[in-house]
Amino acid sequence: MKMKPVKWVVEDPKKKNVFWPSEELKKRAWVNDESVYAEAEKDPVAWWGKLAKEGITWFKDWTVTYKENPPFYQWFVGGKLNICYNAVDRHITSWKRNKAAIIWEPEPLNEQPRVLTFQDLYREVCKFANVLKGLGIKKGDRVGIYLPMIPEVQIAMLACARIGAVHSVVFSAFSGQSLRDRMIDAEAKVLVTADGYYRRGKPVNLKENADIGAEGTKIKDVIVVKRLGTPVNWVEGRDHWWHELMEKADLNCEPEVMDSEDMLFILYTSGTTGKPKGIEHHVGGYAVQAYWTTKWDFDLHDEDLFWCTADIGWITGHTYNCYGPLMNGVTSLIYEGAPDFPGPDRWWQIIEKYAVTVFYTAPTAIRMFMRLGDEYVKKHDLSSLRILGTVGEPINEDAWLWYFNTVGGGRCPIIDTWWQTETGATLINSLPGIGPFIPTVAGRPFPGTRFAILTEDGKPTNIGEGGFLVQKSPFAPGMLRTVYGDPEKFKQQYFGVYGERIYYTSDGAYIFDQLGNIRITGRVDDVMKVAGHRLSTAEVENAVAQHPAVAECAVVAMPHDIKGEVPVAFVALKAGFKGSLQLEDEIKKKVTEIIGPTARPEKVVLVDDLPKTRSGKIMRRILKALTANQPIGDISTLMNPESVQTLKERIGYKGPT
Ligand code: PRX
């Protein structure tokens, strides 16, 4: 579809690379008046209460909008709703009944896309909800979802939400062992998976991993979507084909009346320890923030087509592929495969084919396409694009400008959204109708939220002065409520630094300008963002240590031009093992087997000795500096300072000596 190209942004004539919404964009935007920030700031609780009433259909009103018992807090207490009802049912009584809810693009070019209208989605969700009920799943039970990017993933999530079951989606590129750890922690009773999916033209056998994942857990039933039709291992009595169960399922299923503070889902994410944490999100607050951030950040209207490229196994997929757009009655596009398959222009071809209007992706992908060359973008008509989004890691200026100029044709604002698995939905970004849009600067906190950037001893920082990003009470409705099964961890991790009314984000940041725009500088803990994927160095270390040749290891994040950061493993071998390229490769493979390919170390550096303090602690700070070619700093406190020289040679250190 050829669209009339509209200039949605204008450049600030006084400042290089500062952009503002054009009159056209302001006119169209849901929010275009600065005063929204001041109004919300007066009384954030009342503000969110107003938004909750307007955006969400409640079965029963709440009695208390916000209640705190620091560090625990609740929103819309006593309110009753169902998020699936909000995402599906309420559209089928309007003209939206026949509108596309989900458009699915398969990876193989010779396969047909699938389009599900809201009515289709309603039917499939009700049927699958009945399938789950038929297997004995009740409100509060946990259901594991380990599916590729196919519409069944949204159907399964919504079906859980409909009957009050708690879903826990695990990224399909995580290994069987990672799946198993999560399923054990969540005590899931049912697992929904597929025989496989296509990746770079090749079928991937997902069922094999699902079988590993189900072993030794409380999973009694495994439901398998037939995506490929390839032969799979089958456990009689435990395994069921999705289509066979669906054939017999009843079409009617009333949505469960959920309390605002009932659990909606658990999503595991990496913290600083080796064990991922189950981040717990509750229905009411999550629904409100997912609804409004989707609508306002991306300025979504009825005719928009929203494509968020995140995998549904991450929080971005949960909120912006599934709940956010569907609650808004906006069409959500999902794509099964690799971004550059069968050619480096696949994504641009998809944007042109469907006339995508709002596109949301990660800096890693932008940098990858930038490297591949402009010609692949220019081959396609991208004039339908109106708004571009980015998320997951800090974006560098070059990538921002390339995205803005080459993909957006200099017309579209870039919404750089900062948030986390814990926050459930976006929190810091410029709004399309207000601006400004500045490369590398996320923007202002969402109206009704309070952030600060503090020094180590808790004092506010000045413009340009780096510090720790924190969120202040009353936070926002979509925040995590706790760590599943581990409230102590929740307290210590998020409220153990500045007290029980200040949420510690683990990100560094600074205030960029007088307006209060915020620039995020990145994690200040041992969490890496590898191609936007969140991993902890401790998790990778645990995996490396499982190789029989490894005596000791330390994993650090090394800067990478495209992926932002990559893990590098420093390994000391056990006596009797000799270093070789083959051994390095085996160690990398071990990590893929235990966590998944996203965690595979870029480099394995075999060493005789790791730099240690006199008390025997590995000095990761030195390893990090070595990989980043930064000053090494003081090594006088090391037990073995000579190890640093050897390491410099091994990794070809180019930093200051
Ligand atoms: O370091 C921040 C980075 O991603 C972390 C959260 O990762 P995850 O829970 O996987 O959620 C990612 C998707 C919401 C944050 O602590 N991050 C996220 N968005 C940005 C960002 N860093 C800089 N700019 C962003 N826009």
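Predicted model: local features only at pLDDT ≥ 70, side-chain atom pairs only at ≥ 80, totals over all residues.
Residues are numbered from 1 along each chain as its sequence is written, and side-chain values use heavy atoms, with hydrogens and water left out.

Now the overall picture. Of the 657 residues, 63% count as buried, which is under 20% relative accessible area with a 1.4 Å probe, protein chains only. Along the principal axes, the C-alpha atoms fill a box of roughly 75 × 70 × 55 Å.

So let's zoom in on one residue, arginine 227. Where does arginine 227 sit? You'll find it in the loop between β13 (221-225) and β14 (239-241); strands here are DSSP runs of E, at least two residues, numbered from the N terminus. Buried or exposed, which is arginine 227? Arginine 227 counts as buried, because its relative accessibility is 13%.

And who's around it? Leaving aside neighbours within four places in sequence, arginine 227 touches residues including Trp104, Pro106, Tyr197, Tyr198 and Glu336. Glu111 is also one of its contacts, and the side chains of arginine 227 and glutamate 111 are joined by a polar contact of 3.1 Å. For a polar contact, we want a pair of N or O atoms within 3.5 Å; within protein, one must be able to donate a hydrogen and the other to accept it, and residues adjacent in sequence count only if both atoms are side-chain atoms.

Terms used
Buried < 20%, exposed > 50% of the residue type's maximum accessible area, 1.4 Å probe, protein only. Helix = DSSP H or I, 4+ residues; strand = E, 2+ residues; numbered from the N terminus. Contact = heavy atoms within 4.5 Å.
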